Amino acid sequence: MSSEKQYITVAALLNLVEDLLNIDQGSLTGETRLVNLPAWDSMGVLLLMAEMDERFGITLNETTLANLRSTADIVDIVRRAGSLTE
Amino acid sequence: MIQNYHKITKVLATSLGLSVEELVRSYDRATSADMVAVCELMCVGFGVVENLSAEIIAWRYFNSSRNTSDIFVLRYKGKLIGAVGAEPIRVKVGNKEYEGICAADIVVHPDHGKRGIGAWMNLHLQHKFPIVMAMGSNENSDTMVRRLFRPMNCRNHFKMLFSVKNYLSIRGWPIFLIQLLSPAATVLLSFFRKPQLASIPPEYELHFNDSTEPLAEFFNNPAYHPRSDNMVLRSAEYCHWRYDLNPKSCFTVLQLHHLGSLVGYGVIKKNETEPLQDFQLMDWDFLPDYRTETHLQILFSAVVNYAVEQGAPSLYVMASDQLSTDSLRKTGFSHRSLDDGFFLFAHEGIAPELFDEKKWFLSFCDTDEAL
């Protein structure tokens, strides 16, 4: 985890997830169902886990990952960690 | 990606509630006691797949003479939740040889899917072995494989059709029309095929054998050395395991002798089902002085004649090197629009020509879908 707490907007967070999943910018909305995306696979999840830890100090454990259904869930996790900004 | 291995391993371990050491220790070669659990995991992960029956898994990954295996498994909370086949290979790149593995049949228990486990299992193998090859991907692993490995687009598929009966019935032609057309079409195919087939010069002889035993003479010949291409090295022991002990398929070894010495071979996979299915030329090689287009055409023609005599409806060959693909075309094989690739990873420091697609020799022998 980087030493300084980082903040991110919803739009920037969605862009970050698009980068991690290697999909077109702008293709995710706040309600996109991740399970419907071919790129939401083991690799995409692993990269998201690493990025969440690195940027926000968030650990995505087995239970959290099992309940991750949509981009709204990711936004919610970052919000609860206090890293979401307007 | 491999640069982030330590960071990613730590993140995954934390996610699973393990230390890095515990995670790494949990991922190791299966022992023979794990075989039933591996079969069950494959069955849950892939469903019932012909290439992954218990018999094939036992042959492919578990060597009964030692209490270890060529498959890595991940244990979590007392259960096997992931597995990856890791067949040891020796890869020749230019004049250098490297130890590596061919990764196949990656599976994660569905209860632990989409948790990063499959990607990490691959990443760990890449961290551990200098060269990792993957010969294919399935719909669950395709994106991951393409992101972890470099795609190498150099598999060229060739086919020669001998009988149109199967060809037309697969395409839904009415039976009466197939019966009406196929005898004449088969004669026509034979008519057009013959001029391109090379005849065998009198000083050469062909021998056929249902075991790979004669190949020991070939590989142990002091004149033998591997092709100049990049390739996964073969040996008599490997051929014995790959073909003689293979529980799924039957093979015939064609040997080309010149003045009494074994100078080249081809291995033909026979699909001895009813009705008789397509044959495949699995692999071939010659002593260095005989690796010429002329000899390749002699060998390919002999394989064609053998397949026709056996009643095979068609013959398939996969090749990547220029000499083989040119010779196949000149023997009358048609190129199929199925060209695909394999996937490759290598540590820094491995000769860069490893990634030169034009320098690879591949055949069906190297692919895991053609057991």
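**View 1. Chain B holds 12 helices and 13 strands.** The model is predicted. Along the principal axes, the C-alpha atoms of chain B fill a box of roughly 70 × 55 × 35 Å. The radius of gyration of chain B is 22 Å, which agrees with the value near 21 Å that a compact globule of 371 residues would have.

**View 2. Burial and contacts within chain B.** Of its 371 residues, 39% count as buried. Take the contacts in chain B with a separation of 6 or more: 70% of them join residues 24 or more positions apart.

**View 3. Helices H1 (residues 10–21) and H2 (residues 42–56) of chain A pack against each other.** Their axes lie 9 Å apart, at an angle of about 135°. The crossing of H1(A) and H2(A) is right-handed. H1(A) brings Leu16(A), Val17(A), Leu20(A) and Leu21(A) to the contact. H2(A) brings Gly44(A), Leu47(A), Leu48(A) and Glu51(A). By class, this contact of H1(A) with H2(A) has six nonpolar residues, one polar and one charged.

**View 4. Chain A meets chain B through 17 residues of chain A and 20 of chain B.** On the chain A side, the elements that give two or more residues are H2 and helix H3 (62–66). H2(A) gives the most, with seven residues. By class, the side of chain A that touches chain B has 10 nonpolar, four polar and three charged residues.

Terms used
Residues numbered from 1 in each chain as written. Chains lettered and ligands numbered in written order. Predicted model: local features only at pLDDT ≥ 70, side-chain atom pairs only at ≥ 80, totals over all residues. Axes fitted to C-alpha atoms, helices over the stretch in contact; angles between N-to-C directions. Helix = DSSP H or I, 4+ residues; strand = E, 2+ residues; numbered from the N terminus. Left-handed = near helix turned anticlockwise from the far one by under 90°. Contact = placed C-beta atoms within 7 Å. Nonpolar A, V, L, I, M, F, W, Y, C, P; charged D, E, K, R; others polar. Rg over C-alpha atoms; globule rule 2.2 N^0.38 Å. Buried ≥ 20, exposed ≤ 12 C-beta atoms within 10 Å, placed from the backbone.
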